[in-house]
Amino acid sequence: MLKTQSLLYYVQGWMLAWTGYPAFEDPLEAPDPGPISCGVQRERNGNLEDDNLDDKVVKAVANAVIEAYGDIDAQALAAMIQEEFPWKAAIARAAADGSCGVEIRKEDLADWFTRLSLNGSGLRAPAAIVQDRGTTDSHVDVIGSQLALNWRQTLDWLADKQWNFGTYI
């Protein structure tokens, strides 16, 4: 049960990072020894490798998580999670208000896992996510060109201004 719940934590985190949407709406809580989502646990009966998942993107994320973390035992997964920002932030909130089971915020999960993804220390997004979002090389090129133009305009504006040791004159 602890392993399934830990894997659900990673599914939720990577899903939020890669798509901006949660894999499930039920909150994750931060009791000792590891995360728990009571609603998802009841719904799935402890089976994360469910072939009946309706959403192909959620299934792709779940498969990526199982491939990356599936061989790690439950205690090691829980220990990994307890070293991560979303867990620590939830525990800090619980300590501040004196509560015991406190929610691991989706915003904290999205921020943490997006940072991991952007700095290259996380999982690679499954192809189903990129394909499902309709992203093509031409879309990426258009977006990249627009970002480059926006940055060029900003840099040109800054170059036209006179700065003296960080203070605008």
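1. Leu-155 comes out at 39% relative accessibility, so Leu-155 counts as partly exposed (buried is under 20% relative accessible area, exposed over 50%, partly exposed in between, with a 1.4 Å probe and protein chains only). Leu-155 sits in helix 8, residues 137-160 (helices are DSSP runs of H or I, at least four residues, numbered from the N terminus).

2. Before going on: this is a predicted model, where local features need pLDDT of at least 70 and side-chain atom pairs count only at pLDDT 80 or more, while totals for chains, interfaces and linings use all residues. Residues are numbered from 1 along each chain as its sequence is written, and side-chain values use heavy atoms, with hydrogens and water left out.

3. Tyr-9 and Phe-113 have ring centres 5.8 Å apart and planes at 65°, so they are edge-to-face. This pair links helix 1 (residues 2-19) to helix 6 (residues 106-118), 104 residues apart, and both partners are buried.

4. Tyr-10 and Tyr-69 are stacked, at 4.1 Å centre to centre and 15° between the planes. Tyr-10 is in helix 1 and Tyr-69 in helix 3 (residues 56-69), so parts 59 residues apart in sequence are tied together. Both of these tyrosines, Tyr-10 and Tyr-69, are buried.

5. Tyr-9, Tyr-10, Trp-14, Trp-18, Tyr-69 and Phe-113 form one aromatic cluster.

Definitions and conventions: Helices (H or I, at least four residues) and strands (E, at least two) are DSSP runs, numbered from the N terminus. Rings of Phe, Tyr and Trp (its six-membered ring) pair if their centres lie within 6.5 Å; planes under 30 degrees apart count as stacked, over 60 as edge-to-face and the rest as tilted.
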